[in-house]
Amino acid sequence: GLLMFLCVRRLRKFRAMQKRLAEAPRGRGCLLFTDIQDSTRLWTAYPTDFPLALQLHNKLLRKYIKRFSGFEVKTQGDTFMIIFPNLGCAVRFGMTVQRKLLEVDWPPGLLFDEDQYTELCPGNPNAFLWRGLRLRMGLHYGQLLPVIERGVLDYSGNVVNLAARIEAKARGGQLCLTSGALEELRQQRPETLEDVTVVEMGPVRLRGYTDPQNLVYLVPLELAARSFPPPKELACDRCQMPLSCPKCDEGRSRRNS
């Protein structure tokens with residue numbers, strides 16, 4: 001009886017995984033990661049309020065994933081991995097979510113947090129510049145290959161790696177992408193950028209990539225007054241100094257000569 005039960009359960013799990021794999025988008029598309037800024041500290045500082053805030057955050061994202069034809073691949077903690085059919089849908093999703101985060105009925109404690117504070121738009125006392133959780137986003141586009149890893153749907157390949165590294169460079173409130181992705185968006189769906197502010201970040205070093213990537217970030221036009229610190233600089237794995245470390249640069253030059 002027990003053996004039969006276990007076999008049936010395993011078969012059902014296998015069929016569910018195969019169904020999920022068959023439904024997963026494949027081919028050319030856009031992959032977007034989201035992550036709540038400073039979530040580890042918020043979990044500790046607000047053990048009652050943050051779980052509620054996370055539920056509100058998840059509900060908001062899932063509402064607009066569906067609206068913009070997205071496909072939720074998986075969540076891990078407060079991170080979402082989402083596939084969109086094109087760059088236009090992904091950017092419209094990102095900009096809409098950044099706007100709607102200001103309207104969520106967040107737990108009061110979070111609104112007075114040192115990093116999630118409330119701030120009004122300069123010159124407009126009726127509009128918020130910041131309010132509640134700050135969400136960073138990063139995306140990339142290209143060929144997408146769904147796989148099953150340890151019983152969970154996932155994606156593999158350079159698009160996934162690059163999107164994840166780009167998201168790691170974003171600050172809460174930003175949607176980051178490469179300048180190449182921006183140019184493709186301008187060619188495919190230029191109307192997407194009509195109410196968006198584009199800011200160049202310049203060449204940025206990404207972990208695992210030899211050459212710096214030219215990145216830009218997007219914010220809704222009405223939130224253009226937001227200011228951000230520069231991206232965190234990568235540290236050398238050997239000396240923990242910035243990757244411009246002269247000693248390690250010299251060592252790399254000797255090895256490559």
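User: Why is Cys 176 called buried?

Analyst: In this predicted model, Cys 176 has a relative accessibility of 0%. Buried means under 20% relative accessible area, so Cys 176 counts as buried.

User: Is Cys 121 buried or exposed?

Analyst: The relative accessible area of Cys 121 is 11%. The cut-off for buried is under 20%, and Cys 121 is therefore buried.

User: How many disulfides does a search of the whole structure find?

Analyst: The search finds zero disulfides. A disulfide would need a pair of cysteine sulfur atoms within 2.5 Å.

User: What makes the pair of Glu 184 and Arg 28 a salt bridge?

Analyst: The N to O distance between their side chains is 3.3 Å. The limit is 4 Å between a side-chain nitrogen of Lys or Arg and a carboxyl oxygen of Asp or Glu, so the pair of Glu 184 and Arg 28 qualifies. With a relative accessible area of 17%, Glu 184 is buried. In the whole structure, 11 salt bridges are found.

User: How do you know that Arg 41 and Asp 113 form a salt bridge, and what is the accessibility of Arg 41 and of Asp 113?

Analyst: Their side chains meet at 2.7 Å, N to O, and the criterion is within 4 Å. The pair links distant parts of the chain, 72 residues apart: Arg 41 is in helix H2 (residues 39-45), and Asp 113 is in the loop between H5 and strand E4 (119-121). Arg 41 has 23% relative accessibility and counts as partly exposed, because that class lies between the 20% and 50% cut-offs. Asp 113, at 3%, counts as buried.

User: What places Glu 183 and Arg 186 about one turn of the helix apart?

Analyst: Both residues lie in helix H7, three residues apart. Glu 183 counts as partly exposed at 39% relative accessibility, and Arg 186 counts as partly exposed at 37%.

User: Which residues do salt bridges with shared partners join into one network?

Analyst: The network consists of Asp 35, Arg 136 and Glu 167. Arg 136 is located in strand E6 (residues 135-149). Polar contacts join the side chain of Arg 136 to that of Asp 35 at 2.6 Å and to that of Glu 167 at 3.1 Å. The cut-off for a polar contact is 3.5 Å. Beyond four places in sequence, Arg 136 also touches other residues, including Phe 33, Ala 170 and Gln 174.

User: Why is H4 described as largely enclosed by the rest of the structure?

Analyst: Of the 14 residues of H4, 11 are buried, so the helix is largely enclosed. Among the buried ones are Leu 87, Val 91, Phe 93 and Val 97. From its first C-alpha to its last, H4 reaches 20 Å, close to the 20 Å expected at 1.5 Å a residue.

User: What makes Asn 86 a cap of H4?

Analyst: A side-chain oxygen of Asn 86 lies 3.1 Å from the backbone nitrogen of Gly 88, at the N-terminal end of H4.

User: Which residues have the most contacts inside the largest nonpolar core?

Analyst: They are Phe 84, Phe 93, Val 97, Leu 139 and Leu 218, in a core of 42 residues. Apart from that core lies another, of 16 residues, among them Cys 121, Leu 129, Leu 162 and Val 204. Leaving aside neighbours within four places in sequence, Phe 93 is in contact with residues including Leu 32, Tyr 64, Ile 82 and Phe 84. In soluble globular proteins, nonpolar side chains tend to be buried together.

User: Is Asp 105 buried or exposed?

Analyst: Its relative accessible area is 67%. Exposed means over 50%, so Asp 105 is exposed. Asp 105 sits in the loop between helix H4 (87-100) and helix H5 (108-111). The C-alpha atoms of Asp 105 and Arg 131 are separated by 9.9 Å, and the two residues are 26 apart along the chain.

Methods
Residues are numbered from 1 along each chain as its sequence is written. This is a predicted model: local features need pLDDT of at least 70, side-chain atom pairs count only at pLDDT 80 or more; totals for chains, interfaces and linings use all residues. Side-chain values use heavy atoms; hydrogens and water are left out. A nonpolar core is a set of buried Ala, Val, Leu, Ile, Met, Phe, Trp, Tyr and Cys residues joined through side-chain atoms within 4.5 Å. Buried means under 20% relative accessible area, exposed over 50%, partly exposed in between (1.4 Å probe, protein chains only). Contact means heavy atoms within 4.5 Å. Helices (H or I, at least four residues) and strands (E, at least two) are DSSP runs, numbered from the N terminus. The expected span of a helix is 1.5 Å times one less than its number of residues. A polar contact is a pair of N or O atoms within 3.5 Å; within protein, one must be able to donate a hydrogen and the other to accept it, and residues adjacent in sequence count only if both atoms are side-chain atoms.
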